[in-house]
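User: I have a structure open and have not looked at it before. Can you walk me through it?

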Amino acid sequence: MLDAIKVSKSTKSAAIALTVASALGFATLAAPAKAASPVTISVVLAAPPLPAPMLAEFTKATGITVKWTQLDWDSLQTKIAAAATANTFFADATDVDWSRVGQLGKLNWFLPMEKYVDTKALAADMPQLGSFSKNGHVVGIPYDASFMVTTVNKALFAKAGITKMPTTIDEYTADLKAVKAKGVVQYPLNIPFAAAEGLSTYWYETTGAFGGHILDANGKPLFTDPASAGYKAAAWMVNAVKTGLVPPGNINVADSQGQQTLMAKGKVASTFSDYSGNVGSLYEVPASSSVVGQVKYIPTPGLKGTAANLGNPDGIGIPAKAKNPEAAAKFISWFTDGKNMADFAGASGTARTWVGYFFPSRLSGIAILNKKGSIIGGDVLASMLKTSAAVFPQGAPAWYPEFSGAVYSNLHAAAAGTKTVDAAIKAIGAVATKLSSGK
Amino acid sequence: MKKRLDLLPYALISPLIIFIILLALTPAAFTTIAAFFRVQPLNPPTKFSGLENFRDILHNADVISSLGNTFLYIIIGVTLSTILGIFFAVVLQRRFTGRSILIAVLILPWALPGVVEGILWTGIWDGNTGVLNSVLKSLHLISHYQVFLGQNKILTILAIEIVQVWQITPLSTILILAVLQNIPDDLYEAAKIDGSDARKSFLHITMPLIRPGIAIAVVQAIIATLNIFDQPYILNGAASTANSLAMETYAVSFQNLNFGQGYALSLLITVFTLLVSVVVAKFIYKKVEY
Amino acid sequence: MQPRKSGFRRFGVGFILSWSLIPIYWVINTSFQTDAQISDTPSHLFPPTPTLANYKALLIGDGELQHMVRRSTINIFIECISATFITVTLASLAAYAFARMEFKGRKFFLFMVVMTMAFPTYTTLIPMYKIMAMVHLVNTYLGIILCYVSGFLPLATWILFSYMQSLPAAIEEAGSVDGASRMQVFRLIVLPLAMPAIASTAVITFLFAWAQFIFPLVLASDESTQPLTVIVAAIQGRHVVPYSLLSTAGVIALSVPAVIALLTNRFIVSGLINGSVK
């Protein structure tokens, strides 16, 4: 091959040699030059950058510069898996979703946070920290205490003569039927039946409302008995399609799509499992919504009285290949500070508000926020957060993504009518049993 | 001249070959070997497992359903994109006012980022608020909104594949158009003098001479449809009505973290692509000279 | 001459326009609406209250978002142009050898190159990432460009090979009579004749590179190298998807290739050979 290159010179096609040289030689030249100090850390999250003044404050206090990269959530999960599998650095701090805690913990893709942050002291002020721990290690620190919540379009309910909000699932179902019967809207209930993560989440929230859990502490399914909450929840959801409470097109509607094109347009009257920030960031925003002032959070209706809301928090952790774990830990401590999180949520005005941020993960942060009264529906939400429950209180199992895949594929098939609810539940149960037995 | 070893051709192909060996064959060799290993980060250690990955992957119900779906994607996609590609290329064969603009217009679907293509077509097909429903209803062609995606398998796959055909037809067209530009006008002139009409000229001059272009276009369409991912994933989620082989490769590798099985499935896709492509290329491809 | 009836052409032009432009029109239409208007039923065939807010949000100002969009547009441009240039150069040289010269291993090497097109994306993603990390090319332009070049070389070589092979045998003979070397024949005769194929290959390579997502997602770690496609995906919210903003980003992403195609497509259809070489 080298001979060939010499010959090529004689034929005046220098381009060849040049390109080969670039392929082989530039490799070393192109290695990124690393500045030793001051320290810069790379933070990659599925969120826009923090307000510039706040980042500047952090840099001033610690000497650490934050390079922020925003990716969409799906892409970020791919990137985390690819980087960990290839054993390569890509960020000093990045997303740890509650659903990936088990997986990331078992794979040792993230550094144990308890080594860098006094997590024991944090626990009392941070109710969701437990679900971010696995096998004695804290995989990530929750920074946004989102949860699932029921939203109702009160104007549409009122048109059907309903002014007292339902507190049980039976009342809720009856109210939806009344909204349909009175012709207020043809299909009052939004359930996103597209085979995607949002459908799994909806089922978890509904299972919680029916008073049960998905898996036991060993990861065995708790939903296969027809009398179990999970089974009843699935039957209720599928039945809502069959009885015309859910728009037929919803068979292929994803969570945010349903909220944006149906709920925010007043085409449906309620979303049983909605995102806790949506009233503020969607339904009250005139550019995105034609139901401004109409949609309210209600405590999730349960079997007998209102039920616990399902926690859906976002966390942040340090990948094993991080270049500056200490600096990243300093950032995470600052990032999850109660006062700062209250500021992200709008406690100190728009200049310090972080777009898309919902709720502090610390009780002390919420206390600051409540004092200022600066969040839409804050009073209802604060009490809901206190009773919000993790899907998996001991942290999600390592095989969660595969399990969730089985959940949404089968529930989708049941709604599409290609499977019975019973067959769908049996299939999901079989996957959980197989995965939890470690096969 | 011919007695010494002629080094010039080797010099000319060496940069290409170096690229291919370092950045295409090396990664592929890695995955080919890994396909015979148990590579499960959640279930270490990695160890040799023979054909186990292949056996397991072919017993995966989702993979089986995706096989059938992918077959439909290929049939629909290759047929449509090739017919449209030939049609578009023939329309653009001769000079006329506005041809340049038309070619620029033609490539737009290809240049649209995948995410935007996803929202666009979701908005078109949607069963609750979709544009297509809206238009059909205002034309009184339907009495109430229809569900195009997710209920009927064939309809779902057809709707999804139309999106991919929309995206890949520019490629087929350009490939065929380049070859079409090479056909000398004399041939058509001569045929016309012999009393041949446009249809006959197309069948007896154009079609035989653009075969190399069609062969490349068909192989490209096979590769694209065999690897369809974004369109079903965005338009129909992971549902088995329309899931594809490439989606299953991704799910097995990145969701289940069973990389060994993912590589095994990739390897099967590669072998299948090669077999089909070679057969098709042999069948259509024929060296032409004018 | 006009071998085709103008009725056929009119139908064809109308078909191409509607096929390509109706969906694209919908993206443009969406980009001038608010998210609330987009979800109205029946759909608005024209923006009811046209707004430039989405364009302003992405392009005008000094915020983080505008900065990301601008930077990633520069990145994608650099990556695609470089990859196209290198790919077309290397592929032309190799295709010339494959098409017009006899040498041992010709068929073997050609098949070896072309067959790599069959590798699915997810087969090579992780190993490619490992290789790039090994040579410290993660998050560099060069890493992304080399990855593109290796991916697009096979098709480019095949197109150019197929085209150069169909050129008349007379050209070498003419060259050898004039005493020209083979590289002179290549430069002075083959290259000009192959212009339509070279231009097509360049456009195809550029568009392939322009549409890349998963490789640059993994190979680029931050805004210094992330192309526009990755940034467009990144502006999807976690729970609220900004349809109108994404459509606007789509229009921006379309406009660069559209302009390039407009400027260069006369080379695709230059058809120099018509009747001039026997």
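Analyst: Strands S7 (residues 148–153) and S9 (residues 270–275) of chain A pair in the antiparallel sense, over four bridges. Strands here are DSSP runs of E of at least two residues, helices are runs of H or I of at least four, and both are numbered from the N terminus. Two strands pair if DSSP finds at least two bridges between them.

User: What kind of model is this, and how are things numbered?

Analyst: It is a predicted model: local features need pLDDT of at least 70, side-chain atom pairs count only at pLDDT 80 or more, and totals for chains, interfaces and linings use all residues. Residues are numbered from 1 along each chain as its sequence is written, while chains are lettered from A and ligands numbered from 1 in the order in which they are written.

User: Back to S9(A): which residue there is the bridge partner of A:Thr151?

Analyst: A:Thr271.

User: What is the strand order in the open sheet of four strands?

Analyst: The order is S8-S9-S7-S10 in chain A, and the pairing is mixed. Strand S8 (189–190) and strand S10 (295–298) of chain A are the edge strands, each pairing on one side only.

User: Different topic. Why is S1(A) largely enclosed by the rest of the structure?

Analyst: Strand S1 (residues 40–45) of chain A is largely enclosed because five of its six residues are buried. Buried means that 20 or more other C-beta atoms, placed from the backbone, lie within 10 Å of the residue's own; 12 or fewer is exposed, and in between is partly exposed.

User: Which strands does S1(A) pair with?

Analyst: One is strand S2 (residues 65–70) of chain A, parallel to S1(A) over six bridges. There, A:Thr40 has A:Thr65 as its bridge partner. Another is strand S3 (residues 93–97) of chain A, also parallel, joined to S1(A) by two bridges. In S3(A), A:Thr94 is the bridge partner of A:Val44.

User: And the domains of chain A, what are their bounds?

Analyst: Domain 1 covers 40–146 + 313–386, and domain 2 covers 148–310 + 399–436. Such bounds come from an automatic or database domain assignment. The C-alpha centres of the two domains of chain A lie 28 Å apart.
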